Every structure is written in C-alpha cells, then in structure tokens.
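Visitor: I have a protein model open and I am new to this. Could you show me how to read it, one feature at a time?

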Amino acid sequence: QRHVRIGLNHLLGFWDLEAYRHFLIAVREDPNCPMAYWGICVSLSSPGPTYTEQRVAAFKRLRSLIEAGKGNGLENQLAGALAALYSEGPRKAGTLFSLTAERYKNAVLPAILSCMTLRDGYDDFGDAREGQKIADKFLGELVERHPECPAVRFYQAAILEGSPNPA
C-alpha cells in the first residue's frame with residue numbers, strides 16, 4: 001500500500017508523527033493490513049504515556065491479524081520482533097530482527113531495526129560494547145549490499161555520530 005510505504009519512509013527518517021498519520025490512512029483504506037498496525041506501534045514507541053492506549057490497541061489488532069493468517073512471512077517475523085521488543089527488550093528484538101534480515105536479505109527495514117535495537121553504545125574508555133560491535137559490523141555489511149539506499153547511509157551516520165570518534 002502506498003501509505004504504508006510512505007509511513008515506513010517517514011519512520012526511517014525519524015518523523016514518527018508523520019509516519020503515524022500515514023499508517024492511520026493505510027488502516028482506514030485496509031483495516032486488515034498488518035504492516036499498517038505494525039507501523040502504528042513502532043511510530044508510537046517513544047517513551048511516555050501520550051499514545052499508550054493507541055499503541056496497545058494497534059498491537060492487539062496486529063496480533064489478531066497475524067493469528068488469523070493475514071500476514072506474510074516477513075510481516076509475521078516483524079510482528080514477532082515487535083512483540084519481543086515490548087515483552088523482552090531491545091536485545092531480544094534485535095536478535096529477531098537480525099534473523100528476519102538474514103532470511104529476507106533484500107528487505108532493508110529489518111536489518112536497520114536490528115542495528116538500532118542491538119547497539120548499546122560505548123564504555124567509559126570509548127570502546128564499543130558488544131552490541132555496538134555487532135550493530136556496526138551488520139550495518140557495514142548492509143552498506144555493502146545496498147550502497148545506493150539513503151536509509152542505510154542515514155542509519156550508518158546515526159550510529160557513528162554516537163561514537164567517541166565519529167570518522
């Protein structure tokens with residue numbers, strides 16, 4: 001769907017509220033679209049109670065669609081990683097996003113989400129922690145596979161800017 005794609009692009013650009021608006025339009029056009037509900041959940045994932053009710057309702061609907069067999073393989077795995085993010089935290093979600101990225105090598109979204117959820121920054125000496133090393137390596141491989149993709153380059157810069165030596 002057009003609005004799901006636009007919402008995903010906004011989401012990857014950190015324009016969460018604009019992404020949310022497009023996912024809502026997608027739901028209005030197709031109330032059985034799992035990715036529209038997935039997008040609502042992710043775009044409303046920022047900490048704070050403002051959109052908790054909407055996020056919970058969207059996640060319940062996403063889960064019901066997946067259980068009813070409305071999702072494809074990629075959607076099912078993305079939904080599972082999102083559920084892990086909510087219930088077990090970013091490390092588990094990152095692992096599931098990584099597995100999804102390995103299975104769907106041409107899908108950039110799970111690979112980027114894997115890097116963003118696995119990264120854990122740097123220690124007091126400026127050395128990358130284990131999750132950061134994994135995310136950096138995975139993102140480097142992603143850049144090699146998709147050098148023309150602006151989202152991949154953008155996230156490479158986003159991860160590097162948090163380093164003690166962003167070169």
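**Reading the model**

Guide: Start with one residue. E102 is partly exposed, with a relative accessible area of 40%.

Visitor: What is the mean pLDDT of the protein chain?

Guide: The general idea comes first. Where pLDDT is low, the predicted coordinates should not be read in detail. Here the chain has a mean pLDDT of 91. Of its residues, 98% reach 70 or more.

Visitor: Where is confidence lowest, and where is it highest?

Guide: Confidence is lowest in α9, with a mean of 84. The highest is in α2, at 97.

Visitor: Let us take α2, then. What span should its 14 residues have?

Guide: Count 1.5 Å a residue. Helix α2 covers residues 16-29 and should span 20 Å. Its end C-alpha atoms are 20 Å apart, so the two agree.

Visitor: Which residues of α2 are buried?

Guide: Buried means under 20% relative accessible area. In α2 that holds for A19, Y20, H22, F23, A26 and V27. They cover an arc of only 165° around the axis, so they sit on the same side of α2. The face turned away from that buried side carries the exposed residues L17, R28 and E29.

Visitor: What covers the buried residues of α2?

Guide: The cover includes α1 (2-12), α3 (34-43) and α4 (52-67).

Visitor: Now α5. Which residues are buried there?

Guide: E75, L78, A79, A81, L82 and A84 are the buried residues of α5. They pack against α3, α4, α6 and α7. The length test works here as well: the 16 residues of α5 should span 22 Å, and its end C-alpha atoms are 22 Å apart.

Visitor: What caps the N-terminal end of α5?

Guide: N72 does. One of its side-chain oxygens lies 3.0 Å from the backbone nitrogen of L74. After α5 comes G89, with a positive phi near 100°.

Visitor: How many salt bridges are there?

Guide: The idea first. Side chains of opposite charge can pair when their charged atoms come close. The count here is 3 salt bridges. One joins R21 and E18, at 3.1 Å from N to O. These two are 3 residues apart in helix α2, so about one helical turn separates them.

Visitor: Why does that spacing matter?

Guide: An α-helix has 3.6 residues a turn, so residues three or four places apart point the same way. K137 and E141 show it too: both lie in helix α8, 4 residues apart. Their side chains meet in a salt bridge at 2.7 Å. K137 is exposed, at 56%, whereas E141 is partly exposed, at 30%.

Visitor: Which residue does E102 meet in a salt bridge?

Guide: K105, at 2.8 Å from N to O. K105 is partly exposed, at 41% relative accessibility.

Visitor: And H146: buried or exposed?

Guide: H146 is buried, with a relative accessible area of 10%. It lies in the loop between α8 and α9. The H146 side chain reaches the backbone oxygen of K105 at 3.5 Å. Leaving out residues up to four places away in sequence, H146 touches K105, N106, V108 and V152.

Visitor: One last residue. Where is S98?

Guide: S98 is in helix α6, residues 90-103. Its relative accessible area is 18%, so S98 is buried. Beyond its neighbours within four places in sequence, S98 contacts S114, L118 and F138.

Note on methods: Residues are numbered from 1 along each chain as its sequence is written. This is a predicted model: local features need pLDDT of at least 70, side-chain atom pairs count only at pLDDT 80 or more; totals for chains, interfaces and linings use all residues. Side-chain values use heavy atoms; hydrogens and water are left out. The expected span of a helix is 1.5 Å times one less than its number of residues. Buried means under 20% relative accessible area, exposed over 50%, partly exposed in between (1.4 Å probe, protein chains only). The arc is that of the directions from the helix axis to the C-beta atoms. Contact means heavy atoms within 4.5 Å. A polar contact is a pair of N or O atoms within 3.5 Å; within protein, one must be able to donate a hydrogen and the other to accept it, and residues adjacent in sequence count only if both atoms are side-chain atoms. pLDDT is the predictor's confidence in each residue, from 0 to 100. A salt bridge is a side-chain nitrogen of Lys or Arg within 4 Å of a carboxyl oxygen of Asp or Glu.
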